[in-house]
Amino acid sequence: MRFILIFCLPLFIWAQNATLYKIIDADTLVFKYENKQIICQLAFIDAPESVGNERAKAQAKKCGLKIDEITNAGKLATEYATKSISSGKDYKLDFLTPIKDGWTRCVVHIPQDTHPQLHPTLNGVLLDQGYGVFHKADVPSKESKQMQVRTELSQKEHRGLWKKTQKVMECLKEFNQ
């Protein structure tokens, strides 16, 4: 089954240009694409929630944290994403899933001059800098393994939220196991 998924993965990836309309939180972005708004859930990454929604409440309960601990970390991650990309600019997107009900899982490419020393995608930059953890829901691939390694390295080196809010990040990582 895994072979079939990996073999078929290229059939589901296609790159398109879209304009960033809004950043909901670090791993959820709204783009204008073909005169419509689509919500891009970043592939391979889960960042803390920036608002006290049901997911944040479930994480806080499971990990014995306060909801404010989760949402404060989420606000820091969103702030970092906002510094990395800008509303109104065009970005190349790789859609990993077809757009369904206005949602898709995607990879967002950022211009090389934005972060020349870092990964060429927002997904990779957020993981490299410790503002999210690897999300295993996406199809296993070489890229997903690289993203998992990025999470482990940023944790080991105490980057970003791994330094500032380690308990939240450990919770988020456990939540994605």
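A residue is called buried when its relative accessible area is under 20%, exposed when it is over 50%, and partly exposed in between, using a 1.4 Å probe and protein chains only. The model is predicted, so local features need pLDDT of at least 70 and side-chain atom pairs count only at pLDDT 80 or more, while totals for chains, interfaces and linings use all residues. Residues are numbered from 1 along each chain as its sequence is written, and side-chain values use heavy atoms, with hydrogens and water left out.

A search of the whole structure finds 2 aromatic pairs; rings of Phe, Tyr and Trp (its six-membered ring) pair if their centres lie within 6.5 Å, and planes under 30 degrees apart count as stacked, over 60 as edge-to-face and the rest as tilted.

| Pair | Centre to centre | Between the planes | Kind |
|---|---|---|---|
| Tyr33 and Phe95 | 5.2 Å | 75 degrees | edge-to-face |
| Tyr80 and Tyr131 | 4.4 Å | 10 degrees | stacked |

Tyr33 belongs to strand S2 (residues 28–33) and Phe95 to strand S5 (residues 90–95), so their pair ties together parts 62 residues apart in sequence; helices (H or I, at least four residues) and strands (E, at least two) are DSSP runs, numbered from the N terminus. Tyr33 and Phe95 are buried, and Tyr80 and Tyr131 are buried too.

In helix H2 (residues 54–63), the buried residues are Ala56, Gln59 and Ala60. Seen down the axis of H2, these residues fall within an arc of 95 degrees (taken from the directions from the helix axis to the C-beta atoms), so they line one face of the helix. The face turned away from that buried side carries the exposed residues Glu54 and Lys61.
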